[in-house]
Amino acid sequence: MPVDPHLLLAFVVTTVIAMVVPGPDMLFVLGCGMRGGPRAGLLATAGVATSEAIHVAVAAAGLAALFAAVPVAFTVVRVVGAAYLIYLGIQTIRKRRSLPDDTAPSTKRAYLSGLLTNLLNPKMVTFTIAFLPQFVDPALGRIGLQFAILGAIMIVFEFLVDGAVGVLAGRIGSWLRRKRKARRRLEVATGGIFIGLGVRLALDH
């Protein structure tokens, strides 16, 4: 077996706990689902999962050492990611009155937003670098394959948990959008979530 079974069991348990606890990814997917419906929630989840696959590849290649060698790179990426989230939040609030009644906002950007939001969070890269190696056994060899297996498991759980949150939020949001005042408040709440995540990312050292 390419992965130590005991380490694999510990990894699965730890990953499930980490995924169930609400974090930035889940809140972002929640906001997308509430605003754009179940499909937007799933697309946002797919974007987040894609970025995590990239993070795993970066971790396996050891490229995250760049952040340790050049601290300013970490800061620049963090600030850009935070600015993007705040921009999304402001745009969501500004456009709340321009949407026709009983319609959901476009979902075509949900995937890209999920991808960029998570990709521009250097904390996720450093987390992956710190987390995955704990469950890799060098004695078994094929380090890259072990990273790939663990990363695939993490991405599957990400999609299952956040995807379920996105779909549920989308169904609730669809119901709320049928009520005009509730829809306006929903847009403000969603924009507030995005802005809050951006501020948190900017201030998180």
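Of the 205 residues in the protein chain, 43% count as buried, where buried means under 20% relative accessible area, exposed means over 50% and partly exposed lies in between (1.4 Å probe, protein chains only). This is a predicted model, in which local features need pLDDT of at least 70 and side-chain atom pairs count only at pLDDT 80 or more, while totals for chains, interfaces and linings use all residues. Residues are numbered from 1 along each chain as its sequence is written, and side-chain values use heavy atoms, with hydrogens and water left out.

**Overall fold**

- The protein chain has nine helices and zero strands; helices (H or I, at least four residues) and strands (E, at least two) are DSSP runs, numbered from the N terminus.
- In sequence order the pattern is α-α-α-α-α-α-α-α-α.
- Among contacts in the protein chain with a separation of 6 or more, 85% are between residues 24 or more positions apart; contact means heavy atoms within 4.5 Å.

**Nonpolar cores**

- In soluble globular proteins, nonpolar side chains tend to be buried together.
- A nonpolar core here is a set of buried Ala, Val, Leu, Ile, Met, Phe, Trp, Tyr and Cys residues joined through side-chain atoms within 4.5 Å.
- The largest nonpolar core has 13 residues, of which Phe-11, Phe-131, Leu-132, Phe-135, Phe-147, Leu-150 and Met-154 touch the most other members.
- At least two residues of this core come from each of α1 (5–20), α3 (38–61) and α8 (143–177).
- Apart from it lies another core, of ten residues, including Phe-28, Val-48, Leu-88 and Phe-194.
- Within the chain, Leu-132 is in contact with Phe-11, Val-56, Phe-147 and Leu-150, leaving aside neighbours within four places in sequence.

**Gln-146 in helix α8**

- Gln-146 is found in helix α8 and counts as buried because its relative accessibility is 0%.
- Its contacts, not counting residues up to four places away in sequence, are with Pro-2, Val-3, Phe-135, Val-136, Asp-137, Leu-140 and Gly-141.
- Gln-146 and Leu-132 are 14 residues apart along the chain, and their C-alpha atoms are separated by 9.3 Å.

- Asn-118 lies in helix α6 (residues 110–119), and its relative accessible area of 1% is why Asn-118 counts as buried.
- The side chains of Asn-118 and Ser-51 are joined by a polar contact of 2.7 Å. A polar contact is a pair of N or O atoms within 3.5 Å; within protein, one must be able to donate a hydrogen and the other to accept it, and residues adjacent in sequence count only if both atoms are side-chain atoms.
- Not counting residues up to four places away in sequence, Asn-118 touches Asp-25, Val-48, Ser-51, Glu-52, His-55 and Met-124.
- His-55 lies in helix α3 and is buried, with a relative accessible area of 2%.
- Leaving aside neighbours within four places in sequence, His-55 is in contact with Asn-118, Leu-119, Asn-121, Met-124, Val-125 and Thr-128.

**Tyr-111 in helix α6**

- Tyr-111 also has its place in helix α6, but counts as partly exposed, at 33% relative accessibility.
- The side chain of Tyr-111 makes a polar contact of 2.9 Å with the side chain of Thr-50.
- Beyond four places in sequence, Tyr-111 touches Leu-43, Ala-44, Ala-46, Gly-47 and Thr-50.
- Tyr-111 and Val-48 are 63 residues apart in sequence and 7.8 Å apart in space, C-alpha to C-alpha.

**Leu-197 in helix α9**

- Leu-197 lies in helix α9 (residues 180–203) and counts as buried, at 7% relative accessibility.
- Leu-197 touches Pro-24, Leu-27, Phe-28 and Leu-85, not counting residues up to four places away in sequence.
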